[in-house]
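Keep the sequence and the structure open beside you as you work.

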Amino acid sequence: MKEPVSLRPVEADDLPIFFVHQLDPEATRLAAFPSRERDAFFAHWTTNILGNPTAVNRTILAGGQVAGNIGAWTDAASNERLTCYWLGREFWGRGIASAAMAQFLRLESTRPLSARVANHNLGSIRVLEKVGFARVGAEAFSLPSGARLEEFIYSLAP
């Protein structure tokens, strides 16, 4: 039996758990997003995520444990509404991300809603496609190391 998955507003006690999740080297490789040092992480969450009036953020709970976070925000430069999630590795492969995204999409009603995912992140690609996102494009970008990477652009239409 799968554990119940639920969403709730982010609480201050969740941030240290999120910080540890984003330190995982395999998670950062799949996300193609570098981890942040502690002070930078907490400043980013306080100012850019929790302090962003356009953002909707939730903590993902699996069996009562903090499994990760999910959110949406409006990009200031493009005015595009974007969504993303991050799960601790110990919660991967159990259907938690798909369940959380399905629940979040009932909360976040803005459409179109976009997501960007590294082309090698097959798990996240499956999550997006399972809940109805369609691939609408691809873009290449440079990582801080200078390596080039392609990401797929997904959209959930009205």
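**Exercise 1. A residue in a strand**

Leaving aside its neighbours within four places in sequence, which residues is Arg116 in contact with?

*Solution.* Bear in mind from the start that this is a predicted model. Begin by placing the residue: Arg116 belongs to strand E5, which covers residues 113-118. Next, look for the residues that touch Arg116 while leaving aside its neighbours within four places in sequence, and you will find Glu80, Leu82, Glu139, Glu151, Phe152 and Ile153. Then turn to accessibility, where Arg116 has a relative value of 33% and therefore counts as partly exposed, since that class lies between the limits of 20% and 50%. Finally, as an exercise in distance, take Phe18, which is 98 residues from Arg116 along the chain, and note that the C-alpha atoms of the two are separated by 20 Å.

**Exercise 2. Two buried residues in strands**

Work out where Leu61 and Ser155 are found, and decide for each one whether it is buried or exposed.

*Solution.* Leu61 is found in strand E2, residues 56-62, and Ser155 in strand E7, residues 148-156. The relative accessible area of Leu61 is 14%, so Leu61 is buried; that of Ser155 is 17%, so Ser155 is buried. The cut-off that both steps rely on is 20%.

Now consider the surroundings of each residue. Apart from neighbours within four places in sequence, Leu61 is in contact with Pro4, Val5, Ser6, Arg8, Val66 and Ala67. One of these, Ser6, is 55 residues from Leu61 in sequence, yet in space the two are 5.2 Å apart, C-alpha to C-alpha. With the neighbours within four places again left aside, the contacts of Ser155 are Pro112, Leu113, Ser114, Gly132, Phe133, Ala134 and Val136.

**Exercise 3. Packing of helices**

Describe how H1 packs with H3, and then how H4 packs with H5.

*Solution.* Two packed helices are described by the angle between their axes and the distance between the axes. For helix H1 (residues 15-23) and helix H3 (residues 38-49), the angle is about 125° and the axes are 11 Å apart. That angle makes H1 oblique to H3, and the crossing is right-handed. The residues that meet are Leu15, Pro16, Phe18, Phe19 and Gln22 from H1, and Arg38, Phe41, Phe42 and Trp45 from H3. Sorted by class, this contact has 7 nonpolar, 1 polar and 1 charged residues.

For H4 and helix H5 (residues 122-130), the axes cross at roughly 35° and come within 9 Å, again in a right-handed crossing. Here H4 contributes Ala97, Ser98 and Met101, while H5 contributes Val127, Leu128 and Lys130. These residues divide into 4 nonpolar, 1 polar and 1 charged.

**Exercise 4. The whole chain**

How many helices and strands does the chain have, and in what order do the elements run?

*Solution.* There are 5 helices and 7 strands, and from the N terminus on they run β-α-α-α-β-β-β-α-β-α-β-β. For the overall dimensions, the C-alpha trace spans about 35 × 35 × 30 Å along its principal axes. A compact globule of 158 residues would have a radius of gyration near 15 Å, and because the chain has 15 Å, the two agree. Of the 158 residues, 42% count as buried.

Terms used: Residues are numbered from 1 along each chain as its sequence is written. This is a predicted model: local features need pLDDT of at least 70, side-chain atom pairs count only at pLDDT 80 or more; totals for chains, interfaces and linings use all residues. Side-chain values use heavy atoms; hydrogens and water are left out. Helices (H or I, at least four residues) and strands (E, at least two) are DSSP runs, numbered from the N terminus. Buried means under 20% relative accessible area, exposed over 50%, partly exposed in between (1.4 Å probe, protein chains only). Contact means heavy atoms within 4.5 Å. Axes are lines fitted to C-alpha atoms, for helices over the stretch in contact, and angles run from 0 to 180 degrees between N-to-C directions. Angles under 35 degrees count as roughly parallel, over 145 as roughly antiparallel, 65 to 115 as roughly perpendicular and the rest as oblique. A crossing is left-handed if the near helix is turned anticlockwise from the far one by less than a right angle, and right-handed if clockwise. Ala, Val, Leu, Ile, Met, Phe, Trp, Tyr, Cys and Pro count as nonpolar, Asp, Glu, Lys and Arg as charged, and the others, Gly among them, as polar. The radius of gyration is taken over C-alpha atoms; the globule rule is 2.2 Å times the number of residues to the power 0.38.
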